[in-house]
Amino acid sequence: MTDALIHTRLPDRAPPISEAGIIHWARANLFSSVPNTLMTLFSLYALYMLVPPLVNWALINANLAGTDRTGCDANEHGACWTFIKVRFNQIMYGLFYGANPDQIWRPVLAFFSLVGLIIPLFIESFNHKGKLAAFVLIVFPFIAFALIHGGWLGLPIAETSEWGGFLLTFVLASVGIVAALPLGILLALGRRSELPIVRGFSVFFIELWRGTPLITVLFMASVLLPLFFPAGVDFDKVLRALIGITLFQSAYVAEAVRGGLQAIPKGQFEAADALGLSYWKKMLFIVLPQALKISIPGIVNTFIALFKDTSLVSIIGLLDLLNMSQTASQGHEWKGYDTEAYLFAAFIFWIFCFGMSRYSKNLEESLDRGHKN
Amino acid sequence: MTDTNIEGQAVPQMPKIDKDDCCYSIDIKGLNKWYGTFHVLKDINLQVTKGERIVICGPSGSGKSTLIRCLNRLEEHQEGTIIVDNVELTNDVKNIDKVRREVGMVFQHFNLFPHLSVLENCTLAPIWVRKTPKKEAIADAMKYLERVRIPEQANKYPGQLSGGQQQRVAIARSLCMNPRIMLFDEPTSALDPEMISEVLDVMIDLANSGMTMLCVTHEMGFAKQVADRVIFMDYGEIVEEAAPEEFFNNPKHDRTQLFLSQILAH
């Protein structure tokens, strides 16, 4: 046998200059063809036409001073943020707190305690995440309710029917989301169960709620439900809306989770079976962590939809962020400034929805384990 | 089942065990299985003694994978009895769990849990099925990862490993349950040629340690080296079973001869 040749590997070289840099990027993305170039020029023109007037109206010429409409009426070329400033409490916290500004610390305290409690859950080195999460999900809602509703230690009572604005939107959406997730997961598992009764019930339940508009659900919960209870039994309108929203939402979550469950390869179930894991352990440790990761975009999508759909509670006479903004702009005091009201509501909605969307993207990335299946 | 004694009271009847049966790790009698109307396993009889190493080969679709998947009830059988480690496999979930705890399985496509690290893959079942304390489970897992020669990968995720490494992790994961029987379902068929030998080395090492093994594989070198018996299946039947020398040098059936000539031709 002759001596083997010794193979030396070629060193890596940097790519040619034409493959990098801002000019290359612009050429590849903005001016790659005639239609693309036209599109780029048109977009630049549209931005030029739209952005400066909007900035002028919303910021440069805007009115913020004073406490009534005289300043705004005198300056028609600027937005009237004075209106939002004066009615801020009503739009954010509803009628009771709008009328009792000295009590606003209660919802504010509840909101910021919630933020403070949630922050440690995102800190890598914090060791008691499970206990804290359980506290936030199970105990905290009661504390928050007690605080915002009042009626003890001399706190004036804020009836739930007088909750409104952003406070109501946040309560409806967050409770709906938190309660619908576990229910939706159970329904998704039920729909894929081998037991015909469990499967049948899950399919029936999911299709019932998915086939009904939310507005109908809310209407039924508010108007028809009381007919089935004896006279005098009247349980809370907000609570009824919450139950309706949760059941409705759980059907959508279930379908998003089912999509994830179907994407898990059969081999994962078999490996878990072969190791002797029971059904619930198999689901909890092997299947659901993978399925939920796949379902994150779908689940967050339904959450964002729910956050916005809470506005539909106006059908049963509850005033959420949107409806409260609208109401505030309809009195004679601020008539004509509803554009500002809608923009402000849209801005708050957008911040929360965009935040959820970003968070779900981060979550997907942090859960990525570099595998393909 | 119960009998009645003289006073007419019910007394539990001892299960009848033939003397010959008592020492088998696996005892299959008259096994038949259908997928719908397709008769996939036909009158299978197979006894495996403790510590025996069996290689099952045959053309694709011959039922060899189905056969070993019946042994831990990944597949249900319709006729016949399967007794694994003195437990009969029936619809009784308790028995199925008992058998699965004692029988390890290695799959063609590894089936590692991609969201768990290598170490977590190995400790999950011992901790949650065997109730081993976590520290002990980790020490055990490291011992087996060393045995399959990849302790340094313990904190990586399966997606970061090569196919051969993943399959060795899968073997370690099964061994962490301290199984008495190991089933291998074409463990090297999905691997790049360069990685087959590292997996076979681990399997040979395991065979030499006295583990009862049933292995569906086309690695005839492995069969010659470690098998006590080679079983050839075709169309759901066991066509021929013999010791490796006999099987390779002097196959009796024409079907076996054809199969061997096809896989050993090149």
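Biologist: How many disulfides over all chains?
Modeller: One disulfide over all chains, taking a disulfide as a pair of cysteine sulfur atoms within 2.5 Å. This is a predicted model, where local features need pLDDT of at least 70, side-chain atom pairs count only at pLDDT 80 or more, and totals for chains, interfaces and linings use all residues. Side-chain values use heavy atoms, with hydrogens and water left out.

Biologist: Which cysteines does the disulfide join?
Modeller: A:Cys72 and A:Cys80, with an S to S distance of 2.0 Å. The S-S torsion is about 75 degrees, so the disulfide is right-handed.

Biologist: Is A:Cys72 buried or exposed?
Modeller: A:Cys72 is buried, at 2% relative accessible area, and A:Cys80 is buried at 0%. Buried means under 20% relative accessible area, exposed over 50%, partly exposed in between (1.4 Å probe, protein chains only).

Biologist: Changing topic, where is A:Leu59?
Modeller: In helix H2 of chain A, residues 34-60 (a helix is a DSSP run of H or I, at least four residues, numbered from the N terminus). A:Leu59 counts as exposed, at 63% relative accessibility.

Technical notes
Residues are numbered from 1 along each chain as its sequence is written. Chains are lettered from A and ligands numbered from 1 in the order in which they are written. Helices (H or I, at least four residues) and strands (E, at least two) are DSSP runs, numbered from the N terminus.
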